[in-house]
Amino acid sequence: MDLDVFVYAHRAEWDRLEALLQRRRRLTGAEADELVILYQRTATHLSLIQSSAPDPQLTGRLSRLVARARSAVTGTRRASWRDVTRFLTHGFPAAVYRSRHWWVPTALLSTAVAVLLGWWIGTHPEVQSSIAAPEELRELTRPGGQYETYYSSHPAASFAAQVWTNNAQAAAMCLVLGAFLCLPVVWILFQNMLNVGVGIGLMSSAGRLDTFLGLILPHGLLELTAVFVAAGTGLRLGWTVIDPGPRTRRTALAEEGRAALGMAMGLALVLFVSGAIEGFVTPSGLPTWARITIGVAAEAAFLAYVYVLGGRAVRAGGTGDVEEAERSASVPTAA
């Protein structure tokens, strides 16, 4: 494409669009229609220039012009509590439900890996000795040892905040790093399962597996589910890079990336609940059965939330992406 000829042919349209934008509050009906048409044409021109003859100065001017025109056409929209409600009842559960074919197998496989690691560590003393010295292992696993006192080592509120921050960061990393062909997500997930496996193995070798499960299940069910959802979504995002399907890779990544960003915010709320349970319920004086019941109830509530609200939203056409009016305009790339 000859850029000079292209600019000469369309400069008048861009100048006219800019003039209309400068007095958009005083436009007639015909001029408003003209503004919409010129906005669509200019967006197409910008796409052509970006793909065929990128020029930084011209691209910058047209990008600003298209952004202003889009704002004039669609209007400025402010977030409201209605948006929050829609996100929590439609967008977030729909995104989690849509990715279930990724995070459910991830959860099952990861749990199996943690159990196998725990069995291997618990039945092989030489592996245990490579983890720590015998005295340190006894200090970890004895009644009143570090595994038990860990959950009451800090005030409940600060401990819950610390746990929430750490878990939210891990979930966000799984979501963001998934675009790097899945490998960082697999590593983060393995590290989490290794920590769980070490706890299972060491406590089972000391004959105190029931104590360990009584400590980890109240908060761990919901916490690990959130991590599995994040990891599964990250893996899906990574696979989108490899196989975007019928969409262009750029479009597919934009759609799945926006949904993943929303899921990061939703999972932060889920992890806030699990952090509160870990800070206030796990170290409490409640009987073990009562603490586990609370954990099971929280997990069941989350799964019901995803499969009932999320399934309903997906059947209604929801994808977890932002509303169409909030997306970047899709324009044809042919002249």
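Trainee: How do the residues lining the largest cavity divide into nonpolar, polar and charged?
Mentor: There are 5 nonpolar, 3 polar and 3 charged residues in that lining. Keep in mind that this is a predicted model.

Trainee: Okay, and which residues are they that line the largest cavity?
Mentor: The lining is made up of A95, R98, S99, T233, R236, L237, E256, A259, A260, M263 and T319. Two or more residues each come from α4 (81–98), α11 (209–242) and α12 (249–281).

Trainee: Which element gives the largest share of that lining?
Mentor: That's α12, with 4 residues.

Trainee: What volume does the largest cavity have?
Mentor: About 80 Å³. The structure has 1 cavity of 30 Å³ or more.

Trainee: Which helix is L88 in?
Mentor: L88 sits in α4. That helix also supplies the largest share of the nonpolar patch, 3 residues.

Trainee: Now the database side. Which residues does UniProt list under "transmembrane region"?
Mentor: The UniProt entry, an unreviewed one, lists 102–121, 170–190, 259–277 and 289–308.

Trainee: Helix or strand, what does the model show over 102–121?
Mentor: Residues 102–121 are 100% helix and 0% strand, with the end C-alpha atoms 28 Å apart. The span 289–308 is likewise 100% helix and 0% strand, and its end C-alpha atoms are 27 Å apart.

Trainee: Last topic, then. How many salt bridges does the structure hold?
Mentor: It holds 8. One pairs E18 with R68, where the closest N and O atoms are 3.8 Å apart.

Trainee: Why does that pair tie together separate parts of the sequence?
Mentor: E18 is in α1 (residues 3–22) while R68 is in α3 (residues 56–74), so the contact links parts 50 residues apart in sequence.

Conventions: Residues are numbered from 1 along each chain as its sequence is written. This is a predicted model: local features need pLDDT of at least 70, side-chain atom pairs count only at pLDDT 80 or more; totals for chains, interfaces and linings use all residues. Side-chain values use heavy atoms; hydrogens and water are left out. On a 1 Å grid over the protein atoms alone, a cavity is a set of points where a 1.4 Å probe fits but cannot get out, and a pocket is an open set with protein on both sides within 12 Å along at least five of seven lines; lining residues have an atom within 4 Å of a point. Grid points are joined across faces, edges and corners, and a volume is the space filled by probe spheres set on the points. Ala, Val, Leu, Ile, Met, Phe, Trp, Tyr, Cys and Pro count as nonpolar, Asp, Glu, Lys and Arg as charged, and the others, Gly among them, as polar. UniProt positions are given in the numbering used here, feature names are shortened, and annotations may be inferred rather than shown by experiment. A salt bridge is a side-chain nitrogen of Lys or Arg within 4 Å of a carboxyl oxygen of Asp or Glu.
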